[in-house]
Amino acid sequence: MKFVSFAIACLMTVCTVTQNVGGQEVPSTRKREIVLAQEFLRALYPGLAGKSYTLTVETYLSFDQLGDKLNWLRMDVGEGPKDLNMGHSGGCAGSVTLPPIGWPQELGTPPPPAFSSSPQDERCKEGSIYPKQFLSTGFQFDKNGKLISFGADGSFIDDRKADTEIYESVKTHPQMSYAQVVATIKQHGTKYGPEDKEQFIKNLPLKQLEPFLGKLQIISVSVNEMTKDPDPVPWTNRWVWPDWTVRVQATTEQGKNVPYELHFNHLGGYLTGLVDCRTSPWCSHQ
Amino acid sequence: MTSPHPFATSRKDGPPAHVVDTSVASWTATANLYLMSVNPDGTHSIQTVDNRGRTGLNWANASGPEYELFAQRPIPDGQGGALLAVEQAFYHLSSSGSSKLSLPITVGSADPLLGDDRTAYVSGNSQNSSIPDTLLALDVNNNAIKWSASPGQNPVPGTIMSDGSAEFQYQQTDNTLHLAIANPTGQTSPLFANPSDGSDVGPVINLRFGARGASFWTLNTWFAYGTDGGFTATTGQVSGLSGSAYTEAQGNRQAQHGPQNLVTATFMPTLPGSTGTHPWGVESEASGHILTQIKTVAKSFPFYTITQPPIATADAFIAENGTQPMDVLGFVGHADLINCNGENCPFSEGLIFVDRYLIRTPNCDEQILDLCYYYDDKSSLPTAPPCQLGQAQAPNGMCYSSLVPPCLPNDFQILSTCFVFPTVDNQALARLRNVLLSSTKVAFIATCQTTSVFTDWWDLKLNAGPGGRALVVPDIAAMKQLPVNQQQVPSQNQGFVDLVQGAVAYEAFVKAFGAGKTADQAKDAANKAVADLYPMLIYPPLQPNGTGGALPQVIYKVVGNSGVCVNCTVTP
């Protein structure tokens, strides 16, 4: 069974984050969290800005309690509202290519008609059409409105095309050395390979995160690494994507130290996760 | 024994002195056989294995009935207990008590060995024989002797194989050492035999080189001492090493003769959580989280996910599950559920992958109601019985013409019924399997409603040892009985499995299994991990329409061979 959070939640879509509801001011705590989340995304994924994209916001609240705190948000960034049905696609038909009319006799028998089936990709997918989304994120806040968990995925972070090419290349060349595997990863656009720790640390978006978390100090930086040694086990059977994990300590304005764990994708180095290690059981090195 | 009479004498200043004539005094002596287990933290416990007494007259003849413990050591039974062979008895000790099997031999100094079909092997002297001459196979489960063999002098069991055969060494009267193997029924043959006539091709080792047997490595290769005393690697036609705790002399303690790391494959065609429940709602993080744990014990760990290659397709699962020799195969994802109104409803009859369903082939012809599903009751209107010509009665009691062949263009005929199967996003057709052949030692499944329709689907005997393989699945019945689930979980959520719990259980299972635990013990570790996690999980409130609410705490069980163990190296 699918895990339950929003499958069973009462969804509420907020079209614009500053709009009043029913003539009443949105309770400031909720508005603050939505604005904070939007600012967070704009700071961490600046490449999405300036393209007239739409931010879709989902959350759920108790209908009966007006002052209910907002502790969960989902935000999607795309070409339009995520659930806007723009029509229905009937898919693609296959095509037949006939030999050119007036086939020169001296070339012999004309080639037979060529049949090609419809492309098996997104363009020919049957069903309802929705605006393309580039980033899907989730935020969790504690009772004081502090961000305690964040997750992100989507084609802006990793569209899997490069991943698929890398994986297929390594799969078809099992004799590759570790250095060649790393080179293949880099050739396909991976910004930070396993050997690029220094550069990765240098470009960490700590300044962008500090307005939300407090002053940050790096505790440790690690990357998912495969066994480097020659091994009878094929690369694809011991394959791990070189995603990064960074442990930081934030010092809040009140002088409190808060440990966080940050996760970054291997391809563009974008943030894919954040957890407050005080409250989460999922920190890897507690 | 003392007595004032009849030989008492008086002393001047005191009571009569007691003089003992021990030549007519009786005596009693007792002996206890204890097993002491020492835990890694230094604590210990002592368990009484057996006791006996002896009485007689004349203290000069008194002697204790001590147990003759020559060099016998207890070995783990693979289920938390121990096996011990002493003199003419074989003891099986467990937390629930002990059993004793009288043997027709006096056991020798070699340790017992144990196969994963729970057959133990001991050797010793038969009655009236001054030298060890007999090899015994003992059924630990039924406390009985399976077979006895007398291949020669000093037979010593060496290695137990996964097909239930036992390699051993023995001596011939010319003081040469030979290597042999006993099949699961006790028939013996040379370990390395001439394929044309079955004769022993050696090595024949003169005892001046020492009584050194063969040592099983991997890939059917044995390391043995050659006829000249040199060290050889020899290929034999045998199955792999048995998976139990004590398959080799000295217990293969460093696991150097078996795979040190697990061979695994994991399928995660569904995200365990949503984006808002970090880290399980982000694919790379969910897979990374699980992989980080699996990597600590596995040498091979392909991880099939939703969008990041390799992709969790049904065909990839069939290939990994049915053809690849493997230690642990994991699945974390949705089940295909049948909603019905019976006692076992709803139930799972398949798994959902990224591209298509994998479904247990339905059967509506043999009146097995649980297997009659996905019949086409949508393409024709139901009518009340009696059914007319060209109609058939569905399990819901109504008559449908669409059940009866010839089937509609998009339907499938199986025996005499028309079926229509679900697809993922109207894409690929479902895969149907009567039986899910499995080549993995353990299949760990995190999915919902795994009742008998699901567990009976798996054939765990493909190329397996006599004990078979293990399927580890949520124990739906036990989950319903758990007090916390009865108190906190809405009835409509009973039997459903939170995949975050399933993923955490899978991590704990693989780590424990790789660390040398049996499937049963690793299952316990998985259940503990879930029990520790469960209080921290937050579920959405129950909605008036019945959605939401807490999901149950998951409890896992082992179906099949609970003693399967790959890296057992220490006392479980």
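This is a predicted model: local features need pLDDT of at least 70, side-chain atom pairs count only at pLDDT 80 or more; totals for chains, interfaces and linings use all residues.
A residue is termed buried here when its relative accessible area is under 20%, and exposed when that area is over 50%.

In helix α3 of chain A, which spans residues 178-187, the buried residues are Y178(A), V181(A), V182(A), T184(A) and I185(A). These residues lie on the same side of α3(A) because the arc they cover around the axis is only 155°. An α-helix has 3.6 residues a turn, so residues three or four places apart point the same way. The other side of α3(A) carries A179(A) and Q187(A), both of which are exposed. Helix α2 of chain A (161-172) is included in what covers the buried residues of α3(A). After α3(A) comes G189(A), with a positive phi near 100°.

Chain A is in contact with chain B, and 42 residues from chain B and 42 residues from chain A take part in this contact. The size of an interface is often given as the accessible area lost when the parts come together. For chain B and chain A, about 3,400 Å² is buried between them, with 61% of it on carbon and sulfur atoms. Of the area that chain B buries against chain A, 17% is supplied by T275(B), H278(B) and P309(B), more than by any other three residues. The interface of the two chains contains 1 salt bridge. In a salt bridge, the side chain of R160(A) meets that of E283(B), at 3.6 Å from N to O.

Within chain B, strand β20 (residues 262-267) is largely enclosed by the rest of the structure, because 5 of its 6 residues are buried. Strand β21 of chain B (residues 298-300) pairs with β20(B) in the parallel sense over 2 bridges, and L262(B) has A298(B) in β21(B) as its bridge partner. Strand β22 of chain B (residues 303-304) also runs parallel to β20(B) and is joined to it by 2 bridges; here F267(B) stands opposite Y304(B). A further parallel pairing, over 4 bridges, links β20(B) to β23(B), where T266(B) has G330(B) as its bridge partner.

Strand β23 of chain B (residues 326-332) pairs in turn with β33(B), in the parallel sense and over 6 bridges. In this pairing, V332(B) is the bridge partner of A446(B). Strand β33 of chain B, comprising residues 440-446, is mostly covered, with 6 of its 7 residues buried. Strand β35 of chain B (residues 470-474) is joined to β33(B) by 3 bridges in the parallel sense, and A470(B) of β35(B) stands opposite V442(B).

An open sheet of mixed pairing is formed by 4 strands of chain B, in the order β24-β25-β26-β31. One side of β24 (335-338) and one side of β31 (431-433) are left without a neighbour in the sheet, because these strands of chain B stand at the edges and each has a single partner strand. On average, and with direction ignored, neighbouring strands of this sheet are turned by 30° against each other. The pairing of β24(B) with strand β25 of chain B (residues 347-352) is antiparallel and extends over 4 bridges; within it, I338(B) stands opposite F347(B). Helix α2 of chain B (residues 314-323) lies across β25, β26 (357-360) and β31 of chain B, and runs at about 30° to β31(B).

Conventions
Residues are numbered from 1 along each chain as its sequence is written. Chains are lettered from A and ligands numbered from 1 in the order in which they are written. Side-chain values use heavy atoms; hydrogens and water are left out. Buried means under 20% relative accessible area, exposed over 50%, partly exposed in between (1.4 Å probe, protein chains only). The arc is that of the directions from the helix axis to the C-beta atoms. Contact means heavy atoms within 4.5 Å. Two strands pair if DSSP finds at least two bridges between them. Axes are lines fitted to C-alpha atoms, for helices over the stretch in contact, and angles run from 0 to 180 degrees between N-to-C directions. Buried area is the accessible area (1.4 Å probe) that two parts lose on being put together, summed over both. A salt bridge is a side-chain nitrogen of Lys or Arg within 4 Å of a carboxyl oxygen of Asp or Glu.
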